[in-house]
Amino acid sequence: MAISNSPYLKNYRGNLQKTYVVKQAHKTIITAYPDMSRVKYNAKQKSEQSKFAEAGEKKAAYSRFLPKGKRLYNAAVQEYLNPQPVPFSKIKPPVKKRGVIVDTIVIKEYEHTYVVTSKPDMRGVKYNEKQKSEQSRFARAVAYARALVLDPVKKAALQKTLPKGKKAYHAAIKQYLRR
């Protein structure tokens, strides 16, 4: 192992001709490439290695379901290490539908695109008093909007004031929250 001060290796990570270079904190440490020829893996290690290999092979299947910027390899590894009742790669987004499947998978609709994600785990979230009051205020706004949309006369009156393509439900929530 050697510590390098070379400006050519500054901020470098990776392999250099069977020499392994790792950057740690403010030092660049160079070590010999590890000899893994005599390593004996146990059954659990072999199982995990096969999961990683399978995840790497299936990564292309995820490209249709991931939002822009999310790495395919990481999604594949996540699914194989934490299996879901229905794998993301097997889900075809329904036409004009959104919601939760098996309480673990969420289909979201963004304008002309559907995105399949895992349901967020909110068990550890602690809300402060202001957040709680805003949540109850929003719940009242939703109740108001639902009641307004169920009344055809009120809905038609509100819809007349809206530009084409805007929904009365969303306008009612906005109207309630602005009060």
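# Close-up views of a predicted model

**View 1. Asp35 and Arg38 are joined by a salt bridge.** Asp35 pairs with Arg38, and their closest N and O atoms lie 4.0 Å apart. Are these two partners buried or exposed? Both Asp35 and Arg38 are exposed. As you look around, keep in mind that this is a predicted model. How many salt bridges does the count come to? The count comes to 4, and the pair shown here is one of them.

View 2. Where is Tyr41 placed? Look for Tyr41 in the loop between β4 (27–32) and α1 (43–57). Tyr41 has a relative accessibility of 32%, so it counts as partly exposed. The label "partly exposed" belongs to values between the 20% limit for buried and the 50% limit for exposed.

View 3. Now check how open each partner is. Glu129 counts as exposed because its relative accessibility is 60%. Lys132 has a relative accessible area of 41%, so this residue is partly exposed.

View 4. The side chains of Glu134 and Arg137 come together with an N to O distance of 3.0 Å. Why are Arg137 and Glu134 separated by about one helical turn? They are separated by about one turn because they sit 3 residues apart in helix α3. Arg137 is partly exposed, with a relative accessible area of 25%. Glu134 is also partly exposed, and its relative accessible area is 37%.

**View 5. Helix α3 and strand β5 mark the two ends of the confidence range among the elements.** Which element of the protein chain has the highest mean pLDDT, and which the lowest? Helix α3 (residues 129–150) has the highest, at 93. Strand β5 (residues 99–101) has the lowest, at 63. For the protein chain as a whole, the mean pLDDT is 77. A pLDDT of 70 or more is reached by 67% of the residues in the chain.

Conventions:
Residues are numbered from 1 along each chain as its sequence is written. This is a predicted model: local features need pLDDT of at least 70, side-chain atom pairs count only at pLDDT 80 or more; totals for chains, interfaces and linings use all residues. Side-chain values use heavy atoms; hydrogens and water are left out. pLDDT is the predictor's confidence in each residue, from 0 to 100. Helices (H or I, at least four residues) and strands (E, at least two) are DSSP runs, numbered from the N terminus. Buried means under 20% relative accessible area, exposed over 50%, partly exposed in between (1.4 Å probe, protein chains only).
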